[in-house]
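Open the model in your viewer and keep the selection tool at hand. We will go from stop to stop, and at each one I will tell you what to pick.

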Amino acid sequence: MKKPKYHVFVCTSSRINGQQKGYCLSKDAVSIVQSFIEEIEANDLSDDVMVTNTGCFGICSSGPIVVVYPEGVWYKEVTPDDVPEIVESHFLNGKKVERLEIQ
(Lines give C-alpha, C1' and ligand atoms only; values in the text may rest on other atoms or scores of the structure.)
Protein backbone atom coordinates (compact mmCIF):
# COMPACT_ATOMS: atom_id res chain seq x y z
CA MET A 1 0.00 0.00 0.00
CA LYS A 2 1.27 3.44 -0.83
CA LYS A 3 0.98 6.38 1.55
CA PRO A 4 -2.55 7.80 1.28
CA LYS A 5 -3.18 11.43 0.39
CA TYR A 6 -5.76 11.70 3.19
CA HIS A 7 -6.17 9.87 6.48
CA VAL A 8 -9.62 10.10 8.05
CA PHE A 9 -10.10 9.43 11.76
CA VAL A 10 -13.65 8.85 12.98
CA CYS A 11 -14.42 8.74 16.69
CA THR A 12 -16.36 5.56 17.38
CA SER A 13 -15.86 5.76 21.14
CA SER A 14 -13.45 2.82 21.09
CA ARG A 15 -11.91 2.18 24.48
CA ILE A 16 -8.39 0.92 25.07
CA ASN A 17 -9.84 -2.46 26.07
CA GLY A 18 -11.63 -2.73 22.71
CA GLN A 19 -15.12 -1.95 24.00
CA GLN A 20 -17.15 0.67 22.24
CA LYS A 21 -19.38 2.84 24.39
CA GLY A 22 -19.88 6.55 24.55
CA TYR A 23 -21.33 9.59 22.89
CA CYS A 24 -20.08 9.22 19.31
CA LEU A 25 -21.00 5.54 19.22
CA SER A 26 -24.53 6.44 20.31
CA LYS A 27 -24.70 9.00 17.47
CA ASP A 28 -24.19 6.40 14.69
CA ALA A 29 -20.41 6.72 14.37
CA VAL A 30 -19.98 3.14 13.12
CA SER A 31 -22.32 3.97 10.23
CA ILE A 32 -20.17 7.03 9.50
CA VAL A 33 -17.11 4.78 9.13
CA GLN A 34 -19.07 2.44 6.85
CA SER A 35 -20.32 5.38 4.78
CA PHE A 36 -16.76 6.65 4.32
CA ILE A 37 -15.61 3.21 3.19
CA GLU A 38 -18.48 2.94 0.70
CA GLU A 39 -18.04 6.48 -0.68
CA ILE A 40 -14.28 6.06 -1.00
CA GLU A 41 -14.74 2.85 -2.96
CA ALA A 42 -17.52 4.32 -5.12
CA ASN A 43 -15.29 7.26 -6.05
CA ASP A 44 -12.24 5.04 -6.71
CA LEU A 45 -10.27 6.72 -3.91
CA SER A 46 -9.10 3.59 -2.08
CA ASP A 47 -5.45 4.35 -2.87
CA ASP A 48 -5.81 7.99 -1.76
CA VAL A 49 -7.94 7.88 1.41
CA MET A 50 -7.53 5.70 4.50
CA VAL A 51 -10.19 5.50 7.22
CA THR A 52 -9.46 4.63 10.85
CA ASN A 53 -11.86 4.47 13.78
CA THR A 54 -10.57 6.02 16.99
CA GLY A 55 -11.30 6.56 20.61
CA CYS A 56 -12.44 9.80 22.15
CA PHE A 57 -11.11 13.17 20.96
CA GLY A 58 -12.36 14.82 24.17
CA ILE A 59 -15.03 17.12 22.73
CA CYS A 60 -18.06 14.86 22.96
CA SER A 61 -20.49 17.78 22.89
CA SER A 62 -19.48 18.33 19.24
CA GLY A 63 -19.48 14.66 18.22
CA PRO A 64 -19.36 12.62 16.21
CA ILE A 65 -15.93 14.00 15.35
CA VAL A 66 -14.09 13.33 12.08
CA VAL A 67 -10.48 14.49 11.66
CA VAL A 68 -8.76 14.63 8.26
CA TYR A 69 -4.99 14.65 7.90
CA PRO A 70 -2.59 15.89 6.65
CA GLU A 71 -4.46 19.23 6.92
CA GLY A 72 -5.67 18.57 10.45
CA VAL A 73 -9.25 19.56 9.64
CA TRP A 74 -11.71 18.70 12.40
CA TYR A 75 -15.37 18.18 11.50
CA LYS A 76 -18.14 18.25 14.12
CA GLU A 77 -21.59 16.69 14.44
CA VAL A 78 -20.99 14.53 11.38
CA THR A 79 -23.77 12.20 10.25
CA PRO A 80 -23.71 9.41 7.66
CA ASP A 81 -25.58 11.80 5.34
CA ASP A 82 -22.65 14.28 5.51
CA VAL A 83 -20.09 11.76 4.26
CA PRO A 84 -20.79 12.06 0.49
CA GLU A 85 -20.36 15.84 0.77
CA ILE A 86 -17.05 15.48 2.65
CA VAL A 87 -15.76 12.98 0.09
CA GLU A 88 -16.78 15.11 -2.90
CA SER A 89 -15.81 18.50 -1.51
CA HIS A 90 -12.70 17.68 0.52
CA PHE A 91 -11.18 14.64 -1.17
CA LEU A 92 -12.20 15.18 -4.79
CA ASN A 93 -12.22 18.99 -4.96
CA GLY A 94 -9.80 19.97 -2.17
CA LYS A 95 -12.32 22.21 -0.37
CA LYS A 96 -13.18 21.84 3.32
CA VAL A 97 -16.84 21.52 4.26
CA GLU A 98 -16.99 24.77 6.20
CA ARG A 99 -20.42 24.21 7.76
CA LEU A 100 -19.03 21.17 9.63
CA GLU A 101 -15.55 22.49 10.40
CA ILE A 102 -14.49 23.22 13.96
CA GLN A 103 -12.85 26.64 13.93
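Which residue in E3 does Val 10 stand opposite? Select both strands and you will find Val 66 across from Val 10. Before going further, note that this is a predicted model, in which local features need pLDDT of at least 70 and side-chain atom pairs count only at pLDDT 80 or more, while totals for chains, interfaces and linings use all residues. Residues are numbered from 1 along each chain as its sequence is written, and side-chain values use heavy atoms, with hydrogens and water left out.

**Stop 1: the strands.** Helices (H or I, at least four residues) and strands (E, at least two) are DSSP runs, numbered from the N terminus. Two strands pair if DSSP finds at least two bridges between them. Select residues 6–11 for E1 and 66–69 for E3: they run antiparallel, joined by four bridges.

**Stop 2: helix H2.** Select residues 29–42. Ala 29, Ile 32, Val 33, Ser 35, Phe 36 and Ile 40 are buried there (under 20% relative accessible area; exposed is over 50%, partly exposed in between, with a 1.4 Å probe and protein chains only). Just after the helix, pick Asp 44, with its positive phi of about 55°.

**Stop 3: around Ile 86.** Show the contacts (heavy atoms within 4.5 Å) of Ile 86. Leaving aside residues up to four places away in sequence, Ile 86 touches Phe 36, Tyr 75, Val 78, Phe 91, Val 97 and Leu 100.

**Stop 4: the aromatic cluster.** Select Tyr 6, Phe 36 and Phe 91, which form one aromatic cluster. Rings of Phe, Tyr and Trp (its six-membered ring) pair if their centres lie within 6.5 Å; planes under 30 degrees apart count as stacked, over 60 as edge-to-face and the rest as tilted. By this rule there are four aromatic pairs. One of them, Tyr 6 with Phe 91, is tilted, at 4.8 Å centre to centre and 40° between the planes. This pair links strand E1 to helix H3, 85 residues apart. Phe 36 and Phe 91 are also a tilted pair, at 6.4 Å and 45°.

Key:
Expected span 1.5 Å × (residues − 1).
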